[in-house]
Amino acid sequence: MQENFNNYKSGFISIIGRPNVGKSTFLNRVIGQKIAIMSDKPQTTRNKIQGVLTREQSQMVFIDTPGIHKPKHKLGEFMIKVSKNTLREVDVIMFMVNAEQAIGKGDEFILELLEGTKTPVFLVINKIDQIHPDELIGIIESYKGKFNFSEIIPISALEGNNIDNLLATIENYLPEGPQYYPADQVTDHPERFIISELIREKVLHLTREEIPHSIAVVIDKIKRDEDNENMIRVQATIMVERDSQKGIVIGKRGALLKEVGTLARKDIEMLLGSKVYLELWVKVQKDWRNKMSQLRDFGYREDEY
Ligand SMILES: Nc1nc2c(ncn2[C@@H]2O[C@H](COP(=O)(O)OP(=O)(O)OP(=O)(O)O)[C@@H](O)[C@H]2O)c(=O)[nH]1
Ligand SMILES: [Mg+2]
């Protein structure tokens, strides 16, 4: 017997591309909520992050992925594996590129991965707010010969241009299917994960060079305050790789750590809809990015995300 979904459509859409092209910005824009952290540093996203968009006639489950790059650590290898794995069993692949950047080796590497796939691949040209409209045709031409794209759609994830058109087009490609997630569920990740990411994002914003890549955030405790039920206490540890990095993250007289705490607390309060008391610690775990056991402890587990 055939299942009848009354023309309801649903499916999974993987967002893949080089680092920094705007994949997470797109996800947050579509979901209308910050579930994936964003930064101007490459390799911001480290796990797979699902964002669920439930509409009247469809449910689209977007999968944000780590930017594809040449890995230099076990963490990088894990990230690439996560991205590649999402290509299986999705209904549409969104290959996102940056309109400001010429097609490069990284893009060609991704297109090689996609070679032979039966899944429709959309070329999504992001950041069109940064170029003159006349430039678009040349950009499209430069990609067209490289792959048999099902659709080519220019957007600005930041400003929201042409997103509706992209969503409507994706909807056309989805099969009939069930509503996989309840309408009010926007992501598959627990709050604990998002909280650790929000803290990591603030460190990314406030530091430079090797620091953004060298940190991980572990949540030690989330607990409602015993004396004040309107307050949630969060205790987290920022892991760094070297003693010198610990000093940088703490800052002069603790100034940087304090700023991280203030900014992260505001975001966490928005997420939880409650007052938050945030306590941050910094700890050195030598070379953690190359140690399998620590990768697992810090939330980079293949069996999970
Ligand atoms: N001007 C402009 N900037 C954008 C647009 N979309 C994203 N950005 C910026 O590009 C930078 C990278 O955005 P992210 O969303 O973190 O990029 P990503 O592809 O998820 O990066 P990784 O997680 O490192 O792979 C941020 O500074 C964004 O504000 C856009 O449409 N226009
Ligand atoms: Mg990202």
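Predicted model: local features only at pLDDT ≥ 70, side-chain atom pairs only at ≥ 80, totals over all residues.
Residues are numbered from 1 along each chain as its sequence is written, chains are lettered from A and ligands numbered from 1 in the order in which they are written, and side-chain values use heavy atoms, with hydrogens and water left out.

The end C-alpha atoms of residues 9-176 lie 4 Å apart, and this span is 30% helix and 23% strand. For residues 207-286 the end C-alpha atoms are 19 Å apart, with 38% helix and 36% strand. Helices (H or I, at least four residues) and strands (E, at least two) are DSSP runs, numbered from the N terminus.

The magnesium ion (ligand 2) has Ser-24 (OG) and Thr-45 (OG1) as its protein donors, at 2.0 to 2.1 Å. Donors are N, O and S atoms within 2.8 Å of the metal (3.2 Å for Na, K and Ca); water is not among the atoms, so sites may look incomplete. Ser-24 belongs to helix H1 (residues 23-31) and Thr-45 to the loop between H1 and strand E2 (49-54), so the pair ties together parts that are 21 residues apart in sequence. Ser-24 is buried, at 8% relative accessible area, and Thr-45 is likewise buried, at 7%. Buried means under 20% relative accessible area, exposed over 50%, and partly exposed in between (1.4 Å probe, protein chains only).

Two packed helices are described by the angle between their axes and the distance between the axes. Helix H6 (residues 191-206) packs on helix H9 (residues 255-272) at an angle of about 145°, and the axes are 9 Å apart. Axes are lines fitted to C-alpha atoms, for helices over the stretch in contact, and angles run from 0 to 180 degrees between N-to-C directions. H6 passes H9 in a right-handed crossing; a crossing is left-handed if the near helix is turned anticlockwise from the far one by less than a right angle, and right-handed if clockwise. Residues of H6 including Ile-195, Leu-198, Ile-199 and Lys-202 meet residues of H9, among them Val-260, Leu-263, Ala-264 and Asp-267. By class, the contact of H6 with H9 comprises 13 nonpolar, no polar and 5 charged residues. Ala, Val, Leu, Ile, Met, Phe, Trp, Tyr, Cys and Pro count as nonpolar, Asp, Glu, Lys and Arg as charged, and the others, Gly among them, as polar.

Ile-199, in helix H6, is buried with a relative accessible area of 0%. Leaving aside neighbours within four places in sequence, Ile-199 is in contact (heavy atoms within 4.5 Å) with residues including Val-217, Ile-219, Ala-236, Val-260, Ile-268 and Leu-280. The C-alpha atoms of Ile-199 and Val-218, 19 residues apart along the chain, are separated by 9.5 Å. Glu-269, in helix H9, is buried at 17%; beyond its neighbours within four places in sequence, Glu-269 is in contact with Ser-274, Lys-275 and Val-276.

Most residues other than glycine have a negative phi. Glu-209, however, has a positive phi of about 55° although it is not a glycine. Glu-209 is found in the loop between H6 and helix H7 (211-214) and counts as exposed, at 63% relative accessibility. Glu-209 and Lys-41 are 168 residues apart in sequence and 9.1 Å apart in space, C-alpha to C-alpha. Asp-287, also not a glycine, has a positive phi near 55°. Asp-287 is found in the loop between strand E9 (275-284) and H10 and counts as partly exposed, at 36% relative accessibility.

Gln-294 is found in helix H10 (residues 292-297) and is buried, with a relative accessible area of 14%. Its contacts, leaving aside neighbours within four places in sequence, are with Gln-285, Lys-286 and Trp-288. The C-alpha atoms of Gln-294 and Leu-75, 219 residues apart along the chain, are separated by 10.0 Å.
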